[in-house]
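Visitor: I'd like to learn how to read a structure like this one. Could you walk me through it?

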Amino acid sequence: MPVPIGKFLPAVGECMLLTSPAFKPTTFCRRVAFFSCSATLKSRAIYRDDESDWNDPEEYRRRRKTEWKRRQGGQSFLDHLIINVRGGKGGDGCAAFHREKWVPFGPPSGGNGGRGGDVYILPTSELTTLSSVAKRVRADNGGNGMGEWQNGKNGAPLIIRVPLGTIVRQLSRDDPRRAKDEWEAEKESLDGLDADERKAKMRDKRWVHYPRASESNVERDTFKEAEQVLLKQERERRIARRMKELDEPIYLDLDHEEVVEIAPDAPLGQPRKGDFGHLIASGGVGGVGNPHFLSQENRSPKFATRGHEGERVTLSLELKLLADIGLVGFPNAGKSTLLRALTGGRAKTAVAGYAFTTLNPVVGVVRVAEDGTFEGGLSRHGMIHDETIVEEQEQKERMERGELADALTRNQASQIEADQKGYSSGHRFDLMERFRFTIADNPGLISKASENVGLGHSFLRSMERSLALVYVVDFSVPEPWEQLAVLREELEQYQPGMSRKARMVIANKADLMGADGDPESVVEAKEKLRRLEEFVKENMSEEGRMEVIPVSAKFSQNLQKVVGLMMSFVQEARDKNDS
Ligand SMILES: Nc1nc2c(ncn2[C@@H]2O[C@H](COP(=O)(O)OP(=O)(O)OP(=O)(O)O)[C@@H](O)[C@H]2O)c(=O)[nH]1
Ligand SMILES: [Mg+2]
């Protein structure tokens, strides 16, 4: 039997909620009132710092998590990551002399150190998020040289795999998030030491001495000369590196998978160019063994050099999310609930009555049939999208009552639905599907987000590539248009012109309007909708005509229209991009 929810949505031409015969309208309405009330109260408590209950351990934990996220400044969103990369250190050269029977004073025979491993970055279609990328990456060190002219082995190259659509940028020197390079790190380690200690430490880092020869070595002219040469080369290397960082910092837009094709007639052993992707940090060169310092003046050099440190770079990785539509709204406006409703509960995004429940953008897929029916609207179980904790509790209770033992599987339920309606969700929808698009649910945006209030606004990066944006406002607050003005302002603060991408305003939680059945509150709700529409018309005309749609995400009401409009925005933008 169809049951109307509230009085307002039916009044604006909304459909009825179809329920199973076992459904009890009275309990249902009581539950609606209870949860919506608690949601509003809770959200207010979190908004105002002074009112929040710091003694509640659960709330305290949540606030700390949100605060941590905010301090990360967007670094810990899945689509943005800062990583420190280090090439492997070169292996040390060896100071040794050849010894064999009847040859007591053989020639110097220390081998050279191996090269440190290089670090490469490789785009691959096998990944879709940056979550598997480590924040600290370090390639293998080269092996040390050994006696009898044995050179150390080279460190293995290390490949960082990233999803297609990743932008790699090297952080500039003045960026506080950049890790120190090898010279800065050394300088820091010398802080607080006197001149002699510094010199000794610096030497120790660069030279390997034959056993018990270190003191005599440093007195010798040949060593002093070699040290001068080494320091000069190092200075030149440092200047060259810094110039390179300044003139051509790493910037890679990894949009295409690299297919390495080697000509069939290529000679054997030809290096497989591009196999590893793009070189981003080279490993340090290995140190040289003591034969390198053999000269007329020094017939038995008792020193060798250590391997160079590998290059250190700090990279910002940014994955351009490929969601067609981005939801923008205040915390608690119901963005996550809306995404769940549109995807029939398939998008796993947490819903709760406190601010900043969503900490990372989440993408869901909306599938639409020829006649405009969307998959989310078919799901019998997904009709009511309650808070995650409530759903879990219900599930638990059902399990304890043993109801789930006889419950139909998703496929069985789908089969019954298909028989009844001709349509069903899941794999069966594949046959009907004619159009699909993706929607990104985002963390809440609040006033002064551009000044890093709330979670800041760095997550908006994930919406830069969206084809269209949709505002979601909480229609049950006294003046929803105020939210709209703030959202628009914050989008502009993030990127001038970004608010022009907005195409529609969703006035969510419309079920709360006129829920008491009082005709006066229905009139009030209609008036509020009119004022919201007027506000949009007067203040947001730059974006073109924007529809204001009252919906109830929680009860999946009026979503058909929303899907229809979203589909047309996406289609239009795709056509434009193609032409
Ligand atoms: N009555 C009613 N409540 C809703 C509706 N949509 C969402 N809610 C409730 O509003 C609260 C917030 O919902 P969320 O979906 O977590 O809101 P959000 O915008 O994702 O919030 P953040 O992730 O914090 O930005 C929850 O208690 C929901 O149950 C709706 O249409 N009607
Ligand atoms: Mg959310």
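Guide: Helices (H or I, at least four residues) and strands (E, at least two) are DSSP runs, numbered from the N terminus. This is a predicted model, where local features need pLDDT of at least 70, side-chain atom pairs count only at pLDDT 80 or more, and totals for chains, interfaces and linings use all residues. Residues are numbered from 1 along each chain as its sequence is written, while chains are lettered from A and ligands numbered from 1 in the order in which they are written.

Visitor: In which sense do strand S1 and strand S10 pair?

Guide: Strands of a sheet pair through backbone hydrogen bonds, either parallel or antiparallel. Here S1 (residues 80-86) and S10 (residues 312-319) are antiparallel, with seven bridges. One bridge joins Val85 to Val313 in S10.

Visitor: What is the strand order of the open sheet of five strands?

Guide: Read across, the order is S3-S1-S10-S5-S7, and the pairing is mixed. Strand S3 (136-138) and strand S7 (251-254) are the edges, each pairing on one side only.

Visitor: How many residues of strand S12 are buried?

Guide: A residue is buried if 20 or more other C-beta atoms, placed from the backbone, lie within 10 Å of its own. In S12 (residues 362-369), six of the eight residues are buried, so the strand is largely enclosed by the rest of the structure. S12 also pairs with strand S13 (residues 433-441), antiparallel over eight bridges, and there Val363 faces Ala440 of S13. For the chain of 579 residues, 41% count as buried.

Visitor: Which residues of helix H14 are buried?

Guide: They are Pro480, Trp481, Gln483, Leu484, Leu487, Glu490, Leu491 and Tyr494. As for length, the expected span is 1.5 Å times one less than the number of residues. The 15 residues of H14 (residues 480-494) should span 21 Å, and the end C-alpha atoms are 22 Å apart, which agrees.

Visitor: Which residues come nearest to ligand 1?

Guide: A residue is near a molecule if its C-beta atom, placed from the backbone, lies within 6 Å of it. Ligand 1 has 28 residues around it, with Gly334, Ser336, Thr358, Gly444 and Lys554 nearest. Helix H2 (25-47) and helix H8 (335-342) are the elements giving two or more residues to that shell; the largest share, three residues, comes from H8.

Methods
Pairing = 2+ DSSP bridges. Buried ≥ 20, exposed ≤ 12 C-beta atoms within 10 Å, placed from the backbone.
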